[in-house]
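Trainee: I have a model open and would like to go through it with you, a few spots at a time.

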Amino acid sequence: MKILGVSAHYHDSAAALVIDGVPVCAVQEERLSRRKGDASFPLSAIQWCLDHACLEPDALDAVVYYERPMLKFERILTCALRAFPHSWRAFPKAMQNSLGERVWVRGIISSHLGVPSSRILFTEHHQSHAAAAFLTAPTRRAAILTTDGVGEWATLAVGHGERKPDGNTEITLLREIRFPHSLGMLYSTFTAYLGFAVNEDEYKVMGLAGYGRPTMVDQVRRVIRRTPDGAFTLDLGYFEFHTTTERSYSDRFVELFGPPRNSYEPIDLETAEGQRFADCAASVQRVLEDTLVDIARTLHQETGLTDLCLGGGVALNGVANTRILAESGFERVFVPSAPGDAGCALGAALYADRIHFHNPDRDVPDHPFWGPPADGVELARLAREDGHRFEELDDSTLIEQTADDLAAGRVVGWMDGALELGPRALGHRSILAAPHAVAMRDRLNRDIKFREEFRPFAPAVSIEAADRYFELPPGGARLARFMSGVFPVRKEWRQRLAAVTHVDGTARVQVLEHDMAPRLHTLLEAYGRRSGIPVLLNTSFNLAGEPIVNRVVEGYTTFRRSGIDVLVAGQTRLTKRASPLANAKEEVTCSRSVERSSAR
Amino acid sequence: MLKKRGAVQRKVIMLGSSFGSIAELAGGLWRSDSGKRWLVPLAVFLSVTGIVLAVAATVEALAPFVYSIF
């Protein structure tokens, strides 16, 4: 049975193809369109998935959309009417947004793919999240907790899933919390208040939280109150996201927390104002963690299960995930590589396969690499055309040479095999560097990633060496498989791992098993033989504001435009030449950096 | 390979499938146990208006008549 899953229209659109119960491919639209967070209907992603599997749309047994658009429209309409007259300004815009395209998904799919309406199915948003979390995890029975901004009505759902011995699969969502009471919206509101982009920069709030102290927890708890049944409710007097599209928080919110940050002003942590923003981030982070831990603990007591699958955008919060693992009672916590809406394309397809069509359970490969492959031959061609110096090496020489580059302090763009699904670079589209010196972190932030100086970088470590450098609790290595947890760096190694150790002594570590990314694993070992520490700084291969690179040509242009020293794709290794043009580009980069530095 | 269809053809297909979607919305509201039946006329009106506008915006020949419709 061939099932295409589609997610679109809100954050991060994607397509995924499941054939005979096993994912074959999946890709986010942004990686193909090159527009970060592209939410448009994922035609390019669908096209690539079908081409990859050599399928015509007619051959699809079902196309599954990841949520019910009409139920969502009902929620938007109901909320707009409930909030009348405050919502009178937002109402036309909301209707225009919804009725322009978003509710006519059946027609859109039918018109683009030519499949009859009867083959177009819909799952509920949190069912898709639950399926993406549970059906891709190597577990037979698990509790499920999904949390995000909002789906149709639900913002949080709890339940459990089971793969039965007879091959049947069950996913049961027991309870849900409904819009506008939402942990995701709470966090997004603080994201907006702190001057970051909503639905995109929430991870910056988490990074900023490390610099602050949770001194405003009491104020945050006035905004979100716990209810006797273990849930929570937002005091809507502090919010406006449910009545207007212009602002997430109200004047009362500003009275409580102080003036919001101007997004054009850099955060200076040396000033009282900068510290207030960091404290604010730390406070909302603390309350989010406490709430999630409580809900997870109750779920553990209720289900008695040892495994928990987390889904929804909030599951990208690695600090919260780590506390859930440590304090909720679950022994293992599984977070997929794409817990947000992009992963819902895969979740919806798997849900339809297992639950709607009652197909027998199949093990899903435990890796995130479902996208287009990187072609080293293409890099050789590009380099040859531009007169760059490149080498085509056998695998072991290439890895030894790359380890030499890293040990010499060079920054390496690393493209290997299929593209990751999800926001993390997990070893196939990564920028790699030595993790030892703060200067390396600053260089990456300033010259390569062009991003805020407070943002940390993540390390990658082989599973064999992970425990030596990081304090991983039981189950920690699993959580760190897709960089879903944040763990303390052992004190004795913090100085030697300064580029990847956050200000609070933690790191969002990726613990790598050989089977998942063999070449990167071998590279880690080769680097360990040189430096004595088999740990590398691993950050996503993109520049600020751009999606992670997909094709080799994108890696190549990123390499040309930034301070990356070496580019590796497949068997091809490319180094920067000292040409007048390259110098000119580098000079531009340097002068920009100087401007930024002086601005700071 | 996805077949490339013209904008008009795609909108006609959308229009054709919209009745089912609107019926699904109305049915959902009607069956809702939270007393939302009164919303059905408004929801249907908005949906029909939305799809008519979406189609009219695509089919240029209809543009002169849009003001007449409303």
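Trainee: Where is A:Met483 found?

Mentor: In the loop between α18 (476-479) and β19 (487-488) of chain A. The labels refer to DSSP runs: helices (H or I, at least four residues) and strands (E, at least two), numbered from the N terminus. Keep in mind that this is a predicted model, where local features need pLDDT of at least 70, side-chain atom pairs count only at pLDDT 80 or more, and totals for chains, interfaces and linings use all residues. Residues are numbered from 1 along each chain as its sequence is written, chains are lettered from A and ligands numbered from 1 in the order in which they are written, and side-chain values use heavy atoms, with hydrogens and water left out.

Trainee: OK. Is A:Met483 buried or exposed?

Mentor: A:Met483 has 1% relative accessibility, so it counts as buried. Buried is under 20% relative accessible area, exposed is over 50%, and partly exposed is in between (1.4 Å probe, protein chains only).

Trainee: And what is its phi?

Mentor: A:Met483 has a positive phi of about 60°, although it is not a glycine. Most residues other than glycine have a negative phi, and most peptide bonds are trans.

Trainee: Which peptide bond is cis, then?

Mentor: One cis bond joins A:Phe179 and A:Pro180, with omega about 10°. A:Pro180 sits in the loop between β8 and α7 of chain A.

Trainee: Back to phi. What about A:Arg34?

Mentor: A:Arg34 is not a glycine either, yet its phi is positive, about 65°. It lies in the loop between α1 (29-33) and α2 (43-52) of chain A. With a relative accessible area of 25%, A:Arg34 is partly exposed.

Trainee: Why is the pair of A:Phe179 and A:Phe241 edge-to-face?

Mentor: The ring centres of A:Phe179 and A:Phe241 are 5.8 Å apart and the planes are at 65°, so the pair is edge-to-face. A:Phe179 is in the loop between β8 (169-178) and α7 of chain A and A:Phe241 in the loop between β10 (232-234) and α10 (251-257) of chain A, so the pair ties together parts 62 residues apart in sequence. A:Phe179 is buried at 8% relative accessibility, and A:Phe241 is buried at 13%. Ring pairs also put both into a cluster whose members include A:Phe190, A:Tyr193 and A:Phe277.

Trainee: Now helices. At what angle do α7 and α11 of chain A pack?

Mentor: Helix α7 (residues 183-193) and helix α11 (residues 272-303) of chain A pack at about 175°, with their axes 11 Å apart. Axes are lines fitted to C-alpha atoms, for helices over the stretch in contact, and angles run from 0 to 180 degrees between N-to-C directions. α7(A) and α11(A) are therefore roughly antiparallel. The cut-offs are under 35 degrees for roughly parallel, over 145 for roughly antiparallel, 65 to 115 for roughly perpendicular, and oblique for the rest.

Trainee: Which residues make the contact?

Mentor: Contact means heavy atoms within 4.5 Å. Among the residues that make it are A:Leu186 and A:Phe190 of α7(A), and A:Val284 and A:Leu288 of α11(A).

Trainee: And α15(A) with α19(A), what is the angle there?

Mentor: About 50°, with the axes of α15 (residues 395-407) and α19 (residues 518-531) of chain A 9 Å apart. α15(A) and α19(A) are therefore oblique to each other.

Trainee: How many residues of α6 of chain A are buried?

Mentor: Ten of the ten in helix α6 (residues 125-134). What covers them includes β6 (141-147), β7 (154-163) and α13 (341-356) of chain A.

Trainee: Last one. What does A:Leu81 touch?

Mentor: Leaving aside neighbours within four places in sequence, A:Leu81 is in contact with B:Trp38, B:Leu39 and B:Leu42. A:Leu81 belongs to helix α3 (residues 69-82) of chain A and is partly exposed, with a relative accessible area of 26%.

How values were computed. Phe/Tyr/Trp six-rings, centres within 6.5 Å; stacked < 30°, edge-to-face > 60°.
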